[in-house]
Amino acid sequence: MSARIHPGVLCGAAVALLCAYVVVVHGQRGGAAAAQNRTTEYAIKVMPPGGPPPRLPDGHVDLSGHWLPNSAGQGVSGRDGVDPAARRQFDPRATPEEKPAFQPWAEAKIKAMTPVELELSKSSVNCMPRGLPAIWLQNPYSTVIVHTPTMMAQLYEVLNNWRLVYTDGRPVPKDPEPWFHGTSTTHWDGDTLVVNSVGFDERTYVMPTGWFHSDAMKVTERYTRPSKNYLIVQITVDDPKVLAKPWTSASRRWTLGNGEVYEFYCTNNHELDELGKLKEQESYGK
Amino acid sequence: MKILSRFTIAAVVAGVIASATPSFAHHSFAAEFDASKCRDFSGTLTKVEWTNPHGFFHVDVKDQDGAVHNWSFQTYALITLRRAGTSLELFKQNIGKEVWVRGCEAKNGRAFYAAAGSLKFASDGVLRQMGQLQD
């Protein structure tokens, strides 16, 4: 990295950060609009709890809202100067997330992938639905939840995907069709909505690390809303063909936003062509 | 030179910030673009493609030999640009005007194609993050 820095500004990393901060904040006064923009961006902080959560007519917690995957309740990606605590969904020092324990064959399969092959496997690169549980684990965009006593609709910005979860206690069928979001049954555990799902399309990945799954995968989602502004989602993946033991995520925070929800149809994807050329070049080099 | 130095510092900090925070991008920058081939570009904005999963903008850049080439720069997904305050209207207002870009070239050798890390329209001078800058 240092090779690209102008010789006159070769200071240590910490000093460079300080220098650059000063430049970004004080060097961009190209007009009132620019100054206003900076002021707004630097005001992004962790959102307060916001009081008790709303309730459905049946007394259960209402999970409805426009949820953003950070602790700020607004867009933070692509912005400078955001409070680091406002960016994240969990504090890895306070609640570290365990690493998945793979079956040896699965671990070997993942490790054998080249970086380009790994990239080409990703749902995002292929404009494929993230599916469950990835939609809650690798989704940088917002999700709108519409919750009634008998149904929870999840409207995902990414790829304009959506999912309906029936909360009327209906069981899953014996042999469900393979769906990207599986087939679910739910129950309440106090103020926690527990969603158990089976029957997944095998083209999805749990994480964009090559973590694939089998047809035996079972997913448990635990939804809580401890206060008005926060949705907590915790995922457990039980996949005995691929994992040596079930894996449980950290409790990930989503915050209530009031901004716009944007359209996202994946219609101009150059990734497959560009990465495909790179893979060809890798093959020639072997 | 003074201005370039400021731009360089700002670009470096954008990269440091981007690399120190969780990736919110559509995919991994490092797989497709070469972090050892990042540099500054100055030129005239000619076109914008407001599309997903990435936007693209095109800039006429005069190279050292005097030839002008039309570079294509990839951006974040539009949702990320919009939430960070960068709109299609802003790009349209700057067509035909000067811009500065910090970008990294494609690993597969495609000519005049790069990922944009940050962008400045000369019209307002605001440093706008366009993608993962990892130099």
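Two residues are taken to be in contact if their C-beta atoms, placed from the backbone, lie within 7 Å. The structure is a predicted model, in which local features need pLDDT of at least 70 and side-chain atom pairs count only at pLDDT 80 or more, while totals for chains, interfaces and linings use all residues. Residues are numbered from 1 along each chain as its sequence is written, and chains are lettered from A, and ligands numbered from 1, in the order in which they are written.

The predictor assigns the complex an ipTM of 0.81 and a pTM of 0.83. Confidence per residue is expressed as pLDDT, on a scale from 0 to 100. The mean pLDDT of chain B is 83, and 78% of its residues score at least 70. Within chain B, the highest confidence is found in α4(B), at 98, and the lowest in helix α1 (residues 2-20), at a mean of 43; helices (H or I, at least four residues) and strands (E, at least two) are DSSP runs, numbered from the N terminus. Over residues 1-25 of chain B, pLDDT stays under 50, and the model has 57 contacts beyond four places in sequence for this segment. Where pLDDT is low, predicted coordinates should not be read in detail.

Chain A contains 7 helices and 12 strands. Of its 286 residues, 34% are buried, where a residue is buried if 20 or more other C-beta atoms lie within 10 Å of its own, exposed if 12 or fewer, and partly exposed in between, with C-beta atoms placed from the backbone. Among contacts in chain A between residues at least 6 apart in sequence, 61% link residues at least 24 apart.

In chain B, strands β1 (residues 33-49) and β2 (residues 56-62) run antiparallel and are joined by 6 bridges; two strands pair if DSSP finds at least two bridges between them. A hairpin through 6 residues connects β1(B) to β2(B), and Gly43(B) has Val61(B) in β2(B) as its bridge partner. β2(B) also pairs with strand β3 (residues 68-74) in the antiparallel sense, over 7 bridges, with Phe56(B) opposite Gln74(B) in β3(B). The hairpin of β2(B) and β3(B) has 5 residues between the strands, and Gly66(B) there takes a positive phi near 95 degrees.

Phe91(B) lies in helix α4 (residues 88-93) of chain B. Phe91(B) counts as buried because 21 C-beta neighbours lie inside 10 Å. Not counting residues up to four places away in sequence, Phe91(B) touches Val48(B) and Phe57(B). Phe57(B) is 34 residues from Phe91(B) along the chain, and their C-alpha atoms are separated by 8.4 Å.

Terms used. pLDDT = per-residue confidence, 0-100.
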